[in-house]
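Subject: Structure for your review

Dear colleague,

Please find below the structure that I am handing over to you. My notes on it follow directly after.

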Amino acid sequence: MTPIRDETGHAPRDASAHTQTASHSPDVAHRGELVVDHVFHDYLAGGRRTDVLNDVSFRIPAGSVACVVGPSGCGKSTLLGLAAGLLRPSKGTLRWDGAPVKMGPTSHLGMAFQQPGLFPWMTVRQNVAIGLRTRGHSRRDAQATADRFLDTVGLADFKDAYPSQLSGGMAQRVGIARALALKPRLLLLDEPFAAVDAFTRLKLQQEFKTLLRLDRPTVLFVTHDVPEAIALGDSIVVMTQRPATVQRIIPVSRDERDRASPAYARKLAETLECLGVTSDME
Amino acid sequence: MSAPASAFARRIVLPALGVIIAVAVWEATVQGYRLPAIVLPTPDAVVAALVELAGTRAFWRDVGVSLYEFIAGYALGTIAGIAVGALMGESRRFRMMATPVVESLRFIVPFAWIPLTILWFGTSFTGKILLVAYAVFFVMVVSTARAIAHVEPTLSRVGTMLGMGRWRLAWQVHLRAAAPTIASAARAAAAIGWIAVVAAEYIGASAGLGLMITNAATSLATPVVIAGMIVIGVIGAGVSALIGWLSRARLDYR
């Protein structure tokens, strides 16, 4: 259970235009929607309290993709951990399907971690299949699905390899396949293509978009690659330095994703400027 | 030296050389100090005693008894130790409760219990089995708890994300990830357990290798004493190698 702390004395800041406070009861209207509502997070290390997230609010409508960009160490991964129910917010609420995010195992979720976290004692195929097995699929079904997603990420020839035999980028692709194979309604991705070479990354982005069109999950995608955020996101959540809050939410339209278009160039410049990078270098 | 020849040297020649040197030092000591056989017999006298022992039923019965006590106690101690250690690794509350008991008992060496086990169980097998279990248990508890506490946290997060509940996570992820460390502890525990059996038999037993050796010593049959000691050493090394081989065969992933 997520404790909802008293927020008396805290004036709700309108960090996001989308945020709205609804009732906490699960609701058909909120199905597939992820709401981050005035979330704070800090941790204690060596007796010192470090604030990571400082009043973060935004909303991802069902079936849409939000890309989170921001300086490194600004708490992007923490945000994912909170959305996954792996961490508890110190203040504020996250809501999925209209109900507060619960801690512990879930069945709606697929997540790819920055460190892929493959089980070293399992083959690549077993690593992708284990989640499906845990969620009650038959062995045959789990393996067939695993094989299909390994094909998608271009690792068909490595199904029987062990994680220690893979490169960093390959291991990350297995992590992506594992998350996608679950057919999650909520997909959380932590810089999933970071360790992948540039060419493979572009191909994976293409594949990924095609896959998203099939199942239409709600996606929270953390990246430090702004062109990637524009290519994949319906909106871009720009975070500030730590303790982080939402600096701006930039919607991305269809024509702005065309890399050859002036609209794309304008969006890229706009987003980069938001991150403190000016486009005209003199 | 060519590659196959050097592999041969490493695997056969060097170990054999080590044994030969040890035996030569032994032989030289007997010759050099002109020791009587009753103090230290020559290697060939011991080999002769070994051959003679191997022909008797009583010897094999003693080996059987010691091995039986060892295996029963080892199985008991290992299973209980892994179970309690895993609980300590998983549950903070249980760990806080169990730590003072474990930490104070584990420094009481098994041999300190021998008088009590004789008092409680006489010279029966039960006392030895419990003593071995005790010796093995603490090695297993401590290493299992530590190994589970050190499992890569990302693996736990991945398991939870995949939908694993607490028990499934403990069984399928934590215990499996800790398995190589637990296996090497099991190997070390085997040595300690085997030593405990023989030590207990030295002090009070109705059968077993330890008893065989004390009997031989009372009748001043020194070659039999040393032959018995060699048998203990060889069986101990054999058991340890067997467990090492089993854990490699079951747990190795390249």
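How many of the residues of helix H2 (residues 124–134) of chain A are buried? The answer is 9 of its 11 residues, so that this helix is mostly covered. A residue is called buried if 20 or more other C-beta atoms lie within 10 Å of its own, exposed if 12 or fewer, and partly exposed in between, with C-beta atoms placed from the backbone. Helices (H or I, at least four residues) and strands (E, at least two) are DSSP runs, numbered from the N terminus.

Two remarks on conventions are needed. This is a predicted model, in which local features need pLDDT of at least 70 and side-chain atom pairs count only at pLDDT 80 or more, while totals for chains, interfaces and linings use all residues. Residues are numbered from 1 along each chain as its sequence is written, and chains are lettered from A and ligands numbered from 1 in the order in which they are written.

Chain A

Chain A contains 7 helices and 10 strands, and 43% of its 282 residues are buried. Two residues are in contact if their C-beta atoms, placed from the backbone, lie within 7 Å. Of the contacts in chain A between residues at least 6 apart in sequence, 70% join residues at least 24 apart.

To return to H2(A), its buried residues are Val124(A), Arg125(A), Asn127(A), Val128(A), Ala129(A), Ile130(A), Gly131(A), Leu132(A) and Thr134(A). Their cover comes from both chains: it includes helix H3 (139–152) and helix H4 (168–181) of chain A, as well as helix H7 (153–162) and helix H8 (166–203) of chain B. Just after H2(A), Gly136(A) has a positive phi of about 95°.

The strands of chain A include two open sheets, where strands pair if DSSP finds at least two bridges between them. One sheet has 6 strands in the order E6-E7-E8-E3-E9-E10, with mixed pairing. Its edge strands are E6(A) and strand E10 (246–251) of chain A, each of which pairs on one side only. On average, neighbouring strands of this sheet are turned by 15° against each other, direction ignored. H4(A) packs on the sheet, where it touches E6(A) and E7(A), and its direction makes about 175° with that of E6(A). Such angles run from 0 to 180 degrees between N-to-C directions, and axes are lines fitted to C-alpha atoms, for helices over the stretch in contact.

Within this sheet, strand E6 (residues 109–112) of chain A is covered on both faces: Leu109(A) and Met111(A) are buried on one side, and Gly110(A) and Ala112(A) on the other. In a regular strand the side chains alternate between the two faces of the sheet. E6(A) runs parallel to strand E7 (residues 186–190) of chain A, to which 4 bridges pair it; there, Ala112(A) has Leu189(A) as its bridge partner. Strand E3 (residues 65–69) and strand E8 (residues 218–222) of chain A are likewise parallel and joined by 4 bridges, with Val68(A) partnered by Val222(A).

The other sheet has 4 strands in the order E2-E1-E4-E5, paired antiparallel. Strand E2 (48–60) and strand E5 (99–100) of chain A stand at its edges with a single partner strand each, so one side of each has no neighbour in the sheet. Strand E4 (residues 91–96) of chain A and E5(A) are antiparallel over 2 bridges, and Arg95(A) stands opposite Pro100(A).

Chain B and the contact between the chains

The contact takes 21 residues from chain A and 14 from chain B. On the side of chain B, H7(B) and H8(B) each supply at least two residues, and H7(B) gives the largest share, 7 residues.

Helix H2 (residues 43–54) and helix H10 (residues 222–251) of chain B pack at about 75°, with their axes 8 Å apart. H2(B) is therefore roughly perpendicular to H10(B) (65 to 115 degrees; under 35 is roughly parallel, over 145 roughly antiparallel and the rest oblique). The residues in this contact include Ala49(B) and Leu53(B) of H2(B) and Ala227(B) and Ile230(B) of H10(B).

Helix H3 (residues 57–90) and helix H4 (residues 92–105) of chain B pack at about 125°, their axes 6 Å apart, and are therefore oblique to each other. Here Val84(B), Leu87(B) and Met88(B) of H3(B) meet Phe94(B), Arg95(B) and Ala98(B) of H4(B).

Yours sincerely
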